[in-house]
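I am opening this notebook to keep track of what I look up in the structure, entry by entry. I begin with single residues and come to the chain as a whole at the end.

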Amino acid sequence: MMLLILTATFVSCRTAAVRNIPLNSIPATQDKALSTDEIESSIIRGGSKVGWNMRKIEPGLIVGTIQVRVHEAQVNIRYTANTWDITYRDSKNLKYNGEKIHSNYNKWVSKLADAIRTQIDEDEAAVPSKKK
């Protein structure tokens with residue numbers, strides 16, 4: 001029984017280096033491109049689809065927050081018409097020590113990044129061609 005408790009404690013306390021998602025380019029062609037406002041909208045919709053509360057702070061900066069039980073993570077999402085990235089902002093109950101954090105944080109951020117990429121790709125594909 002004691003071994004089971006120790007194993008469960010060890011597994012639940014795993015930490016890893018904080019994962020930031022560095023600059024991602026936004027695909028565009030000469031005849032199809034999203035505006036900065038459309039990129040903002042794509043980021044907000046993508047994050048919302050996977051459970052993040054997305055809040056525009058200023059042009060070029062969205063703060064994403066996710067709450068899972070008693071845990072909370074916040075990220076900064078900076079964006080332009082050509083790039084976006086995700087960086088750690090703050091957390092609660094995730095054992096952040098300046099370098100490492102509970103490994104679930106990295107899973108949540110990876111899922112957020114995938115959702116943003118997918119939404120931007122979908123929105124870019126839906127833009128009508130500017131060629132006549």
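**Entry: lysine 95.** I looked up lysine 95 in this predicted model and found a relative accessibility of 45%, so I noted the residue as partly exposed, a class that lies between the cut-offs of 20% and 50%. Lysine 95 sits in the loop between β6 and β7. Its phi is near 60 degrees, which is a positive value in a residue that is not glycine. I wrote this down because most residues other than glycine have a negative phi.

**Entry: asparagine 93.** I then turned to asparagine 93, which is placed in the loop that runs between β6 (83-92) and β7 (100-102). Phi of asparagine 93 is also positive, near 60 degrees, and this residue is again not a glycine. Is asparagine 93 buried or exposed? With a relative accessibility of 52%, asparagine 93 counts as exposed, because the cut-off for that class is over 50%.

**Entry: threonine 15.** I looked next at threonine 15, which belongs to strand β1, made of residues 15-17. Its relative accessible area is 36%, and I therefore recorded threonine 15 as partly exposed. Which residues does threonine 15 touch, once its neighbours within four places in sequence are left aside? I found Lys95, Lys100, Ile101, His102 and Ser103 in contact with threonine 15, and Lys95 is the loop residue with which I began, lying between β6 and β7. I also noted that the C-alpha atoms of threonine 15 and leucine 94 are separated by 8.7 Å, although the two residues stand 79 residues apart along the chain.

**Entry: asparagine 106.** I went on to asparagine 106, a residue of helix α3, which spans residues 103-126. A polar atom of the asparagine 106 side chain lies 2.8 Å from the backbone nitrogen of arginine 19. Apart from residues up to four places away in sequence, asparagine 106 touches Ala16, Ala17, Val18, Arg19 and Ile101.

**Entry: serine 42.** I looked up serine 42 in helix α2 and found a relative accessibility of 0%, so this residue counts as buried. When residues up to four places away in sequence are not counted, serine 42 touches Leu34, Gln119, Ile120 and Asp123.

**Entry: helices α2 and α3.** The axes of α2 (residues 36-49) and α3 come within 8 Å, and they cross at roughly 135 degrees. That angle makes α2 oblique to α3, and the crossing is right-handed. On the α2 side the contact is made by Ile39, Ser42, Ile43, Arg45, Gly46, Gly47 and Lys49, and on the α3 side by Leu112, Ala115, Ile116, Gln119, Ile120, Glu122 and Asp123. I sorted the residues of this contact into 6 nonpolar, 4 polar and 4 charged.

**Entry: the whole chain.** Of its 132 residues, 39% are buried. Among contacts with a separation of 6 or more, 58% are between residues 24 or more positions apart.

Notes: Residues numbered from 1 in each chain as written. Predicted model: local features only at pLDDT ≥ 70, side-chain atom pairs only at ≥ 80, totals over all residues. Heavy atoms only, no water. Helix = DSSP H or I, 4+ residues; strand = E, 2+ residues; numbered from the N terminus. Polar contact = N/O pair within 3.5 Å; in protein donor to acceptor, adjacent residues only side chain to side chain. Contact = heavy atoms within 4.5 Å. Axes fitted to C-alpha atoms, helices over the stretch in contact; angles between N-to-C directions. Parallel < 35°, antiparallel > 145°, perpendicular 65-115°, else oblique. Left-handed = near helix turned anticlockwise from the far one by under 90°. Nonpolar A, V, L, I, M, F, W, Y, C, P; charged D, E, K, R; others polar. Buried < 20%, exposed > 50% of the residue type's maximum accessible area, 1.4 Å probe, protein only.
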